[in-house]
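This briefing describes one protein chain from its overall form down to selected residues. Please consult the sequence and the structure shown here alongside the points that follow.

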Amino acid sequence: MAEAHQAVGFQFTVRPDGVDLKLSEEVIKNIYLSGVTAWKKRAIQFKNGVLAGVYPASPSSWLIVVIAMMSTLYIRVDPSLGMIESIKDNLPQRGYMSVQMRAVLSAILFATGLWLFLIYLLRYTLKALLSYHGWIFESHGKMTTSTKMWLSLVKMFSGRRPLLYSFQASLPRLPVPSVEDTISRYLESVRPLLDSEQYKRMEILASDFKDSKAPLLQRYLILKSWWATNYVSDWWEEYIYLRSRSPIMVNSNFYIMDLLYLTPTHRQTARAGNVVHAMLQYRRKLERGEHAPLRALGTVPMCSTQMERMFNTTRIPGIETDIVQHLTDRKHLVVYNKGRFFKVWLYTGGRHLLPSELEMQFQRILNDTSEPQPGELKLAALTAGNRVPWAQARIKYFGHGANKASIDAIESAAFFLTLDDEPQGYDPTKTRSLDSYAKSLLHGKCYDRWFDKSFTLISYQNGKMGVNAEHSWADAPIVGHMWEFVLATDCFHLGYTEEGHCKGDVNKGLPHPSRLQWQIPKECQEVIETSYQFAKQIADDVDFHGYLFTEFGKGLIKKCRTSPDAFIQLALQLAQFRDQGVFCLTYESSMTRMFRDGRTETVRSCTPEAVAFVRAMEDKCATNAEKLALFRKAADKHQNMYRLAMTGSGIDRHLFCLYIMSKYLGVDSPFLKQVLSEPWKLSTSQTPQQQLNLVDINKFPKYVGAGGGFGPVADDGYGVSYIIVGENLITFHISCKFSSSATDSSRFGQNIRGAMVDIQALFRPENDKKTAEQTKPMENGTKP
């Protein structure tokens, strides 16, 4: 064990004349280096904390203000309007100071107060500027003069070289929409899904709620919005995620894939070594707050709160509700391989293990031929089953002794790594390779991922990687941000030798990874097996299809003068109608991170305009011009809905919070019950790409990710995630359930393809006309 290895550095012998103490020079050196690194880390964290705390000012600006105030003492000008003199007269212990000393100290105190006042003034000015969202509603490529002026002011007040958390204090609070607006938008969204009688009933319920119960609930909600930094996020995390007692595997967790076309090395341990080292580099920058904050338009900052819990975080099961446990500065990793759990130290001598050292440690694990202990093989299935049996088992069997020490090691680890014993990845020669890859990432064998960890890193036998992420602590773009950094660092900065190994020397004196020890009784093994069988039923029911759409991409869609996201969402509506013959309530995820502690909002993509367009597409009598006009109207509507959601004027989070407030106050609302019980039969999400712009995909077109996906939300519905890759590729991740005779993921993929092609065909005459005009010879025989 590592502890035993370190202990041999200290040897002592008791003799009659005293104690002969021998110290290992290597151990003393490691202790010294660890201490230096720890203090250096604290110093950097303190410095960056100060920089973020006074942003958009800088610590040096304090000195400028102090010097300016001090200079007024000699030119006999008092810009403080007597305040410096008042401070001087009220200083404690002034009898022990000279008149000049009191004057200097008073000027410094006044200057410090003035400096802090200016900082808050800058912050609130920036917050007021960021509360304006008119810019997002302007047509793409057409910016008004007022928006240009606003953008210039935001840049001016944003300062230079911000750190990750520099803008947090300047972000506006998420506004509470008016009840009238929310109900009006809600009724509009369900109109195409209900017949006249159903809609009339819903109107009556909504009107009764608006006039009777809503005012009281709204007042309390506004009060919460004044007090809390975000009136949605804490309830969303607790009631949507942590209070759910059903399995989080498939139902909540999501996955992210590796590079689509390339595998930098086919050596499993080498790839894992580079990726883990890149993650440690990312974590170090994250802990120090050194990442640049994400900004819309390159200027408007977005909230970074979710990133705080990326590492050393675990969802802890409870009887009634789970909790998210976040620790700091943990220096180990837990690795799972062939039913065994290993603890690997990530630091030596005050530094990260090098990629080559990590490769060696992972290879040692693969070379270990020991067998799993009784109950160890499927232990992680507890995290895949229902939450209550897992919580009860954790209390009863993992609260003391070796089991507690081992479970603590897993839950406090930086993250969880699985060295898988099978190959995965996209293979164009195999028709279902992407499907198998996705299912492996989503649920694996149901016992080889620790689904409670903030994320599990999965390393496959052929060098492919992937991530399974727990959802309560953050949303997919946060994990995607880290994954982009890791892949770029792995491929373009760390690299591999010609033989495919990690670069760098190997310190073979590192202690071997240590096995976690378990004493799992028969009763607990039965609970584990029950959880496994339940989880396996869920996993076996997942019908998954990964589909690469290569006919065209973002480049051609933009030539049609429409939003790529709106284009795809309307194609999904057309595909859904062709697949099911009816329209359904559709969920599209939108971020609200332009507000403090913002997470997501729902865009209800099945609008009346989208329904009219789809019906026209299926009407053989409708002309292309009519279909195109309806498409543009539906796309504009979708874009407006998306913008409303991003700017805090969505429908579903407001209604959700009103429902939670009604439960607290004991107010019964048939309207809210009906709204919250409606199933999302089509749940969609776009995976963001190029958040960091570390790789030029035009120059390196093969270095593109495959995106990620999630399980179906409804028993008889579809889950669709898509990523727009570069200019000519869109990857779809489609999930549903085998147990539903109404759904089929492969069939839905073909319907998406047909819908995309059919919609693009509407624009073909326009694009052909443009091409002809661009290539038409001029009078002198040249081309324009």
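The protein chain contains 25 helices and 22 strands; helices (H or I, at least four residues) and strands (E, at least two) are DSSP runs, numbered from the N terminus. The model is predicted: local features need pLDDT of at least 70, side-chain atom pairs count only at pLDDT 80 or more, and totals for chains, interfaces and linings use all residues. Residues are numbered from 1 along each chain as its sequence is written, and side-chain values use heavy atoms, with hydrogens and water left out.

**Overall form**

- The radius of gyration of the protein chain is 30 Å, which agrees with the value near 28 Å that a compact globule of 784 residues would have; the radius is taken over C-alpha atoms, and the globule rule is 2.2 Å times the number of residues to the power 0.38.
- The C-alpha trace spans about 105 × 85 × 75 Å along its principal axes.
- Of the 784 residues, 53% are buried; buried means under 20% relative accessible area, exposed over 50%, and partly exposed in between (1.4 Å probe, protein chains only).
- The accessible surface comes to about 35,600 Å², and carbon and sulfur atoms hold 56% of this surface; accessible areas come from the Shrake-Rupley method with a 1.4 Å probe, and for residues only the protein chains shown count as cover.
- Contact means heavy atoms within 4.5 Å; of the contacts between residues at least 6 apart in sequence, 78% join residues at least 24 apart.
- The chain has 92 positive and 78 negative charges, and their mean positions lie 5 Å apart. Lys and Arg count as positive and Asp and Glu as negative, while His and the chain ends are not counted; the place of a charge is NZ of Lys, CZ of Arg, CG of Asp or CD of Glu.

**The eight-stranded sheet**

- An open sheet of eight strands has the order β15-β9-β8-β12-β13-β14-β3-β20, with mixed pairing; two strands pair if DSSP finds at least two bridges between them.
- The edges are β15 (514-515) and β20 (708-710); each has a single partner strand, so one side of each is left without a neighbour in the sheet.
- Strand β12 (residues 416-419) directs Phe-416 and Thr-418 one way and Leu-417 and Leu-419 the other way, and all of these are buried.
- Strand β8 (residues 332-337) runs parallel to β12, with three bridges between them; Val-334 stands opposite Phe-416.
- Four bridges pair β12 with strand β13 (residues 455-459), also in the parallel sense; Leu-419 has Ser-459 as its bridge partner in β13.
- Strands β3 (residues 254-257) and β14 (residues 465-469) are antiparallel, with four bridges; Met-257 has Gly-466 as its bridge partner in β14.

**Buried positions**

- Pro-513 lies in the loop between α16 (476-494) and β15, and its relative accessible area of 14% makes it buried.
- Beyond four places in sequence, Pro-513 touches Phe-342, Lys-343, Val-344, Gln-361, Arg-364 and Ile-365; by contrast, its C-alpha atom is 66 Å from that of Lys-200, 313 residues away along the chain.
- Helix α10 (residues 233-242) has several buried residues, including Trp-235, Trp-236 and Tyr-241.
- The buried residues of α10 pack against elements that include α9 (214-227), β6 (313-316), β17 (586-591) and α22 (652-665).
- Ser-685, in strand β19 (residues 682-686), counts as buried at 19% relative accessibility; its contacts beyond four places in sequence are Ser-589, Phe-710, Val-720, Ser-721 and Tyr-722.
- Leu-570 belongs to helix α19 (residues 564-580) and is buried, at 3% relative accessible area.
- Leaving aside neighbours within four places in sequence, Leu-570 is in contact with Ala-610, Phe-613, Phe-631, Ala-634, Ala-635 and Ile-759; Thr-607 is 37 residues from Leu-570 in sequence and 9.8 Å from it, C-alpha to C-alpha.

**Residues with positive phi**

- Most residues other than glycine have a negative phi.
- Arg-161 has a positive phi of about 50 degrees; this residue sits in the loop between α6 (145-157) and α7 (179-190) and is exposed, with 68% relative accessible area.
- Arg-561 has a positive phi near 55 degrees; its place is in the loop between α18 (554-559) and α19, and it is exposed, with 53% relative accessible area.
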